[in-house]
Amino acid sequence: MPGEQGVLRSDDQLDSLERGLDALTTVDPSARPWWSRALRRVVPPCVAVGLVLLAWQGLVWARVKPEYLFPSPADTWSTLGEQARSGVLFRAIWLSLSRGLFGFGIGVLVGTPLGLLVARVRSVGAAVRPVLSGLQSLPSVAWVPAAVIWFGLSSGAIYAVILLGSVPSIANGMASGLGQVPPLYGRVGRVLGASGLRSARYILLPAALPGYLAGLKQGWAFSWRSLMAAELITQSPRLGTGLGQLLNTGREFSDISLVFAMIITILVVGIAVDQCVFAPAERGMLRRRGLAPP
């Protein structure tokens with residue numbers, strides 16, 4: 001029909017116009033020089049760190065606290081350098097990081113199927129979801145005394161605290177992601193022959209990936225926090241010296257520079273894992289979904 005052809009031609013023109021406008025407002029990152037892209041990524045964090053150091057030094061100059069209670073950035077850096085030169089710092093980072101990643105990996109293996117069960121079985125979700133939310137809000141340090149009684153001063157106590165801190169976040173992330181998947185996806189999958197595990201593998205899990213990834217990020221944050229709480233309290237030569245033990249050593253000897261140095265190290269390691277593991281995964285997911293430039 002001539003009228004229908006005119007409508008289709010008009011729609012095509014509108015689509016072409018929209019694509020042209022999008023091209024005008026979208027800047028291809030690969031069109032920028034490499035040094036420009038590097039500056040855009042490096043300069044803002046460096047400026048933020050510089051402002052924090054300046055404010056820190058300003059508080060030291062203002063003498064809000066005596067020097068033995070509030071060290072300067074230079075004193076903290078000197079203590080950090082001493083710990084690094086002696087090798088204690090790197091051994092502590094490796095021990096804590098390996099513990100955190102191993103415990104987080106076990107948490108993923110436990111929390112992922114638990115979240116899938118909570119999301120897909122209504123009776124299980126009604127019973128378990130409030131418990132998971134309550135456990136997620138419970139401070140990790142509250143589990144340390146019970147874990148020490150159960151497992152003694154051993155690595156088992158530390159991993160138990162990590163699991164109890166990370167599993168609720170991972171399970172809730174999976175359940176929330178699956179809860180946001182439109183029911184139409186499952187019906188289309190059944191029509192195409194995907195049911196049971198195939199439906200979960202090829203339809204439900206990919207659709208729930210944004211919520212699940214958010215749960216993984218939060219689970220790692222809780223794992224790292226739980227690990228530090230456990231290391232602060234569980235002190236034994238058999239456990240070695242992690243970052244939490246070094247932090248507690250600074251407290252016992254009233255070495256405030258060591259305390260600040262360990263706080264900064266714990267912060268940097270946590271940020272490094274997030275930026276090296278979760279940030280690339282999130283960018284890749286957004287690119288595949290057309291929500292970020294290639």
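**Reading a predicted helical model**

User: In what order do the elements of the protein chain run from the N terminus on?

Analyst: This is a predicted model. From the N terminus on, the order of elements in the protein chain is α-α-α-α-α-α-α-α-α-α-α-α. The count is twelve helices and zero strands.

User: Is Arg99 buried or exposed?

Analyst: Arg99 belongs to helix α4, which spans residues 88–120. Arg99 counts as buried because its relative accessibility is 4%, and the cut-off for buried is under 20%.

User: With which side chain does the side chain of Arg99 make a polar contact?

Analyst: The partner is the side chain of Glu231, at 2.8 Å. Leaving aside neighbours within four places in sequence, the residues in contact with Arg99 include Ile158, Tyr159, Leu227 and Glu231. For the protein chain, among contacts between residues at least 6 apart in sequence, 71% join residues at least 24 apart.

User: Is Leu51 buried or exposed?

Analyst: Leu51 lies in helix α2, residues 34–62. Leu51 is exposed, because its relative accessible area is 54% and exposed means over 50%.

User: Which residues make the nonpolar surface patch?

Analyst: Leu51 makes this patch together with Val43, Val47 and Leu54. The patch has an area of about 370 Å².

Key. Residues are numbered from 1 along each chain as its sequence is written. This is a predicted model: local features need pLDDT of at least 70, side-chain atom pairs count only at pLDDT 80 or more; totals for chains, interfaces and linings use all residues. Side-chain values use heavy atoms; hydrogens and water are left out. Patches are made of residues with over 30% relative accessible area and no salt bridge: like charges are joined within 9 Å, nonpolar side chains (Val, Leu, Ile, Met, Phe, Trp, Tyr) within 5 Å. Accessible areas come from the Shrake-Rupley method with a 1.4 Å probe; for residues, only the protein chains shown count as cover. A salt bridge is a side-chain nitrogen of Lys or Arg within 4 Å of a carboxyl oxygen of Asp or Glu. Helices (H or I, at least four residues) and strands (E, at least two) are DSSP runs, numbered from the N terminus. Buried means under 20% relative accessible area, exposed over 50%, partly exposed in between (1.4 Å probe, protein chains only). A polar contact is a pair of N or O atoms within 3.5 Å; within protein, one must be able to donate a hydrogen and the other to accept it, and residues adjacent in sequence count only if both atoms are side-chain atoms. Contact means heavy atoms within 4.5 Å.
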